[in-house]
Amino acid sequence: GFATYFTLLFIEHAYGYDAFMAGLDDSKKRVNTFYTKNPSYRIVHDNLQDMEQVTSSHTYQKGSWILHMLRGVVGDENFWKGIRSYYSKYMNSNATTADFRREMEEASGMDLKDFFDQWLYKPGALQYSGSWQYDAKKKEVRIIIEQIQTNGSLFKMPVQVAIYSSTGKPVMKTLQVNEKRNEFTLLVESEPDNIVLDPNHWVLMEAKWGKK
């Protein structure tokens, strides 16, 4: 995962953001293809009877997305602070997932147990079905987001929405999507032209989304 994600970061440095996003999109497609054939596969698992299962394409591709999502959750500054501390402490030695989590928690001041558990120790990826609706009288937007993945996993993730209107640049809001069905109400100055879910592509997900 580190190898794949840090390669993509170098690609962004050398060739630009669009090339970086193209690489992430390719990883996402590989994750989806892998899960179609291996719906119960976990990144961290206890099935070592077959040593060929220790690593897979999923370890690389989903692993890269987990690092990308972690960066989105803790923020750029905290992410790089944690990475530098982790590298400095464990260079030329061994480290566990728990060691990495501890470094990122110390750097960010956040409890990342749910994040690590759901993305590393459980199978699956997010699938959303959602819609938004404008109420002119109340000048508010009602947003409904449902988790529709069928493998039983339930995720807790912050998800951004970008509210576009003719009055100026988009307004960014972060929604904490923790339940199977989630409802949010946002006050707005005028009727939105459009609302985009996860506009900056921080979450590994598939989404059916639109105006109701």
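**Notebook: helix H5 and its surroundings**

I began with helix H5, residues 97-108, whose twelve residues reach 16 Å from the first C-alpha to the last, close to the 16 Å expected at 1.5 Å a residue. I note that the model is predicted.

Burial in H5. I looked up which residues of the helix are buried and found Asp99, Phe100, Glu103, Met104, Glu105, Ala107 and Ser108. I then asked what covers the buried residues of H5. The cover includes helices H1 (2-15), H3 (57-74), H4 (76-90) and H6 (113-121).

End of H5. I checked the backbone just after the helix, where Gly109 takes a positive phi of about 70°.

Aromatic rings. I searched the whole structure and recorded 14 aromatic pairs. Phe115 is buried at 6% relative accessibility, and Phe116 is buried at 4%. I also traced one aromatic cluster formed by Phe2, Tyr5, Phe6, Tyr17, Phe20, Phe79, Trp80, Tyr86, Tyr90, Phe100, Phe115 and Phe116. Phe100 of this cluster is among the buried residues of H5.

Ala95. I turned to the loop between H4 and H5, where Ala95 lies. Ala95 has 35% relative accessibility, so I class this residue as partly exposed. Leaving aside neighbours within four places in sequence, I find Ala95 in contact with Tyr86 and Tyr90; Tyr86 and Tyr90 also belong to the aromatic cluster. From Ala95 to Gln49 I noted 46 residues in sequence and 23 Å in space, C-alpha to C-alpha.

Notes. Residues numbered from 1 in each chain as written. Predicted model: local features only at pLDDT ≥ 70, side-chain atom pairs only at ≥ 80, totals over all residues. Heavy atoms only, no water. Helix = DSSP H or I, 4+ residues; strand = E, 2+ residues; numbered from the N terminus. Expected span 1.5 Å × (residues − 1). Buried < 20%, exposed > 50% of the residue type's maximum accessible area, 1.4 Å probe, protein only. Contact = heavy atoms within 4.5 Å. Phe/Tyr/Trp six-rings, centres within 6.5 Å; stacked < 30°, edge-to-face > 60°.
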